[in-house]
Amino acid sequence: MSRVLLFTGKGGVGKTTLAAATAASLAAHGRKALVVSTDPAHSLGDALDVRLGASPSEVDTADGLYACQIDPRGLVDEAWGELRGHLRTVLAGAGVDELDAEELTVLPGVEELLALAEVRRLASSGPWEVVVVDCGPTAETLRLLSLPEAFAGYLERLFPTHRRVVRGLLAGVAGTGTVEKWDATADALSRLAERLDALRSMLADPSSCSVRLVLTPERVVAAETRRTLTALALQGIRVDSVIANRLVPSPGSARGAAATWLRTRRHEQDAVLAELTGIGEIRTVDHRASEPVGVPALLEVAGQLYGDSDPLPGGAVPESLLEVSGSGRGLDARYSLRIALPLTDDTELDLARVGDDLALTVDGRRRLVALPSLLRRCIVTGAEMDSGGVTVGFRPDPSLWR
């Protein structure tokens, strides 16, 4: 399977240009690269200065560089349409009005989910070594990357994994004993479940998939970038690079109003970058006098971004999300669960125990963290937060040790 690089950032920071530049540089280094856009704005073709379709095509001005713009609407008509038809049949058999059944089978986010599934299909079936993805702005991307897990959870609750259970459920809902009649629906659900599992595996594997965050050196953008880093870590998705785009050039010792403006602006940008501590190396790209359009101009951008190095490797793999430590025996034992997350002083964090899970909510984004078996018979004694994450204290629950 090809390596997948997901580029995202706040709208207008230049992620499309940097994604295209990275793909062009990969091709120039002898790697076959495919750059695709899942951003509804679809400006990738403008950056490459070529006309793109839904199917990958080679960019004439660069050997080994391919590009396409994914058409989510077409994917919905092709892939989701079949399953929707099956589900409408089941709902109608259960007495649901035809119009209501039509509305119930329109799921929010299905277009984005299928676009991500198409990225995985291209990565697993094409001749490319790397697939570079120009994603939408960060808010949409975070929602997109959380969809496979969310959809898988809903699917498991509605239609359990075991095929015979699914068959029996569908037959019972439809009010008929002819289970074979609903095989097509069970098959379609099984295929959807398999695609969701494959997506979740790809996103969680740092050797297969990683994110490159693009920002401009502005305080509002930097603050969103920090929140995005935390949200991605919460989802277990690796960020391998942070790229600061559009740094104004330093005027050196030049004088005059223009030089003063440039010096002041660059000083502000450097101050913003200096405050982004603890997130690793930040690559930088200067603001250019002319817009980089076309492969030659994009290669110039990549030259500043990566130098002579290979654009593919990213930073070190982050530490594990969960780490358990403790000492003592029996009811006197004390344990700590370390949840590694990049946090700031103004991070809003909430913890709650939900059965065998720990509900972790960070800045309004919630994730259920499955507790290791050792801690499931324990109760929470407290929690402490620092810039590197959260440490939750546990002790054995006396009621479970009788």
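The model is predicted. Eight strands make up an open sheet with mixed pairing, and strand 6 (residues 209-215) is largely enclosed by the rest of the structure, because seven of its seven residues are buried. The count of cavities of 30 Å³ or more is two.

**The eight-stranded sheet**

- The strand order in the open sheet is 3-4-2-5-1-6-7-8, and the pairing is mixed.
- Strand 3 and strand 8 (282-286) are the edge strands, each pairing on one side only.
- Strands of a sheet pair through backbone hydrogen bonds, either parallel or antiparallel.
- Strand 1 (residues 3-9) pairs with strand 6 in the parallel sense, over six bridges.
- Within that pair, valine 4 has cysteine 209 of strand 6 as its bridge partner.
- Strand 6 also pairs with strand 7 in the parallel sense, here over five bridges.
- In strand 7, serine 241 is the residue that stands opposite arginine 212.
- Strand 7 is joined to strand 8 by four bridges, and the two run parallel.
- Valine 242 has isoleucine 282 in strand 8 as its bridge partner.

**Strand 6 and serine 210**

- Both faces of strand 6 are covered.
- One side of strand 6 carries Cys209, Val211, Leu213 and Leu215, the other carries Ser210, Arg212 and Val214, and all of these are buried.
- Serine 210 lies in strand 6 and has 0% relative accessibility, so it counts as buried; the cut-off for buried is under 20%.
- Apart from neighbours within four places in sequence, the contacts of serine 210 are Arg3, Val4, Leu5, Leu6, Arg238 and Asp240.
- Of these contacts, Val4 belongs to the bridge pair with cysteine 209.

**The largest cavity**

- The largest cavity holds about 40 Å³ of space.
- Its lining consists of Gly9, Lys10, Thr138, Leu213, Val214, Val221, Glu224, Thr225 and Thr228.
- Strand 6 and helix 9 (219-234) are the elements that give two or more residues to this lining.
- Helix 9 supplies the largest share of the lining, with four residues.
- By class, the lining has three nonpolar, four polar and two charged residues.

- Strand 9 (residues 322-327) and strand 10 (residues 334-340) run antiparallel and are joined by six bridges.
- Glutamate 323 has arginine 338 in strand 10 as its bridge partner.
- The hairpin of strand 9 and strand 10 has six residues between the strands, and glycine 328 in this hairpin takes a positive phi near 95 degrees.
- Strand 10 also pairs with strand 15 (residues 389-396), in the antiparallel sense and over six bridges.
- For leucine 337, the bridge partner in strand 15 is valine 392.

- Aspartate 49 is not a glycine, yet has a positive phi of about 65 degrees.
- Aspartate 49 is in the loop between helix 2 (44-48) and strand 3 (57-58).
- The relative accessibility of aspartate 49 is 57%, so it counts as exposed; the cut-off for exposed is over 50%.
- Arginine 246, also not a glycine, has a positive phi of about 65 degrees.
- Arginine 246 is placed in strand 7 (residues 239-247), whereas aspartate 49 is placed in a loop.
- Arginine 246 counts as partly exposed because its relative accessibility is 31%.

**Serine 125**

- Serine 125 is in helix 5 (residues 110-125).
- Serine 125 counts as partly exposed because its relative accessibility is 49%, with exposed being over 50%.
- The side chain of serine 125 reaches the backbone oxygen of arginine 121 at 2.6 Å.
- Serine 125 and methionine 1 are 124 residues apart along the chain, and their C-alpha atoms are separated by 7.4 Å.

Conventions
Residues are numbered from 1 along each chain as its sequence is written. This is a predicted model: local features need pLDDT of at least 70, side-chain atom pairs count only at pLDDT 80 or more; totals for chains, interfaces and linings use all residues. Side-chain values use heavy atoms; hydrogens and water are left out. Buried means under 20% relative accessible area, exposed over 50%, partly exposed in between (1.4 Å probe, protein chains only). Contact means heavy atoms within 4.5 Å. A polar contact is a pair of N or O atoms within 3.5 Å; within protein, one must be able to donate a hydrogen and the other to accept it, and residues adjacent in sequence count only if both atoms are side-chain atoms. Two strands pair if DSSP finds at least two bridges between them. On a 1 Å grid over the protein atoms alone, a cavity is a set of points where a 1.4 Å probe fits but cannot get out, and a pocket is an open set with protein on both sides within 12 Å along at least five of seven lines; lining residues have an atom within 4 Å of a point. Grid points are joined across faces, edges and corners, and a volume is the space filled by probe spheres set on the points. Ala, Val, Leu, Ile, Met, Phe, Trp, Tyr, Cys and Pro count as nonpolar, Asp, Glu, Lys and Arg as charged, and the others, Gly among them, as polar.
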